[in-house]
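Here are my notes on the model you asked me to look over.

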Amino acid sequence: MEFKVAVLSGDGIGPEVTRESIKILEAIGSRFGHTFNLQTGDVGGCSIDKNGVAITDETLDDILKCDSVLFGAVGGPKWDVTSENERPENGILRIRKELDLFSNIRPVKVYKDLVYASPLKPEIVDDVDFIIIRELTSGLYFGEPKKRWNSEDGIRESVDTLYYNENEIERVLRVGFELAMGRERKLHSLDKMNVMATSRLWREVATELSEEYPEVELIHMLADNAAMQLVTNPKIFDVIVTENTFGDMLSDEAAVIGGSMGLLPSASLSSVPGKQKKTLGLYEPIHGSAPDIAGQNIANPIASILSTSMMLRWSFGLNEESDLIDNSVDAILSEGYRTIDIAKENEKSLSTSEIGDLISNKINY
Ligand code: IPM
Ligand code: MN
């Protein structure tokens, strides 16, 4: 089969880890006879430097013609100014909005062989395996007004707006229920209904929708309580669904349970998975651009490689190919190969490209 993939590797370690994912796509292509046509483009700081904006309209148009997007990371100190200038992050925010990628799926899995790398006690993290679904195209990050101004007496003021309508809430909750149906049928919906109007609407819509899914146990939990449960009792979770900002915070917290952010992939989808044959999606590692280690060939490419695996599964329906990538990652980890972020003290670690080669050799031997 033939697929068109937009590749936006971005800033910092983005290009290094994305390069390894391309290696994996090539290995899958030659093993299974698929062709992945790659369309590269600029996003983030590198696009600001070249074009003055974090993503150009032409690049957005090009992406819309592709079957999926493989994304690296954006941002870095060079563009970190607090003024209201164009920021690298606008690139990813604009893509999410333009492609209507309303659900962001972040699987959190603790590898048996990496329990030692977790900041939490082994008995707490052993067997942890859940997914967080974060609403991605509304809420505080997009609501208007969003601005800054000076009052008449010279006080600096600013506002962000947290807005949700019931349709935006329902469609992402539906992703939660659907994924819960394929797992343990337990869905935690997180909100702050004790304080926020949007959360009360969220909870109401969740309760209404649960009538369509009687087999799924719906558990409402306050987001601050969930933050605590994530580090004291993460095993209670199977599928979590929540709004944009809570999901941003909590998924970073969840990401380190497994020992390194360098292991966790994500998928951002424009439709409820499984409902359509093909789902337009953007796939990116959860970690950011990590400017402190950029260019050194030491970043962990596994999060990007697993994101590529998610792309094959969710956007292209290539389950066998996706399983092979996941199993190859498991295999090299259980054989003891590590990048520096997950290596034990004094243990030899491998480079980004060496890990990519090992995984690619497992796929295409
Ligand atoms: C993420 C990132 C982004 C976000 C940034 C880069 C805009 O932190 O994907 O979690 O806040 O959504
Ligand atoms: Mn984030």
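Predicted model: local features only at pLDDT ≥ 70, side-chain atom pairs only at ≥ 80, totals over all residues.

1. The protein has 12 helices and 12 strands. Its C-alpha trace spans about 65 × 50 × 45 Å along the principal axes.

2. On packing, the numbers fit together. A compact globule with 365 residues would have a radius of gyration near 21 Å, and the protein comes in at 20 Å, which agrees. As for burial, 52% of the 365 residues count as buried.

3. Now the salt bridges. Side chains of opposite charge can pair when their charged atoms come close. A search of the whole structure turns up 23 salt bridges, and I'll go through a few of them.

4. K112 and D127 pair through their side chains, with 2.9 Å from N to O. This pair links distant parts of the chain, 15 residues apart: K112 is in the loop between strand 4 (103-109) and helix 5 (122-125), while D127 is in the loop between helix 5 and strand 5 (129-135). Both ends are out in the open: K112 is exposed at 58% relative accessible area, and D127 is exposed at 55%.

5. The bridge between R183 and D238 has its closest N and O atoms 3.0 Å apart. Here the partners are 55 residues apart, with R183 in the loop between helix 6 (166-181) and strand 8 (186-191), and D238 in the loop between helix 8 (223-232) and strand 10 (239-242). D238 counts as buried, because its relative accessibility is 2% and the cut-off for buried is under 20%.

6. Towards the end of the chain numbering, look at E335 and K362, whose side chains meet in a salt bridge of 2.6 Å, N to O. E335 lies in the loop between helix 11 (319-334) and helix 12 (352-363) and K362 lies in helix 12, so this pair ties together parts that are 27 residues apart in sequence. E335 is partly exposed at 44% relative accessible area, and K362 is partly exposed at 27%.

7. One more item on charges: E20, K23 and D357 are linked in a network of salt bridges.

8. On to the backbone. Most residues other than glycine have a negative phi, and most peptide bonds are trans. With that in mind, note the cis peptide bond that joins E144 and P145, where omega is about 0 degrees. P145 lies in strand 6, residues 143-150.

9. Which residues other than glycine have a positive phi? D100 is one of them, with phi near 55 degrees. D100 is in the loop between helix 4 and strand 4 and is partly exposed, at 32% relative accessibility. N346 is another, with phi near 70 degrees. N346 is in the loop between helix 11 and helix 12 and is exposed, with a relative accessible area of 80%.

10. Last, two long-range separations for orientation. K4, in strand 1 (residues 2-10), is partly exposed at 31% relative accessible area. E86 is in the loop between strand 3 (68-73) and helix 4 (89-98) and is partly exposed, at 23%. From E86 to S260 it is 30 Å, C-alpha to C-alpha, for two residues 174 apart in sequence.

Note on methods
Residues numbered from 1 in each chain as written. Chains lettered and ligands numbered in written order. Heavy atoms only, no water. Helix = DSSP H or I, 4+ residues; strand = E, 2+ residues; numbered from the N terminus. Rg over C-alpha atoms; globule rule 2.2 N^0.38 Å. Buried < 20%, exposed > 50% of the residue type's maximum accessible area, 1.4 Å probe, protein only. Salt bridge = Lys/Arg side-chain N within 4 Å of Asp/Glu carboxyl O.
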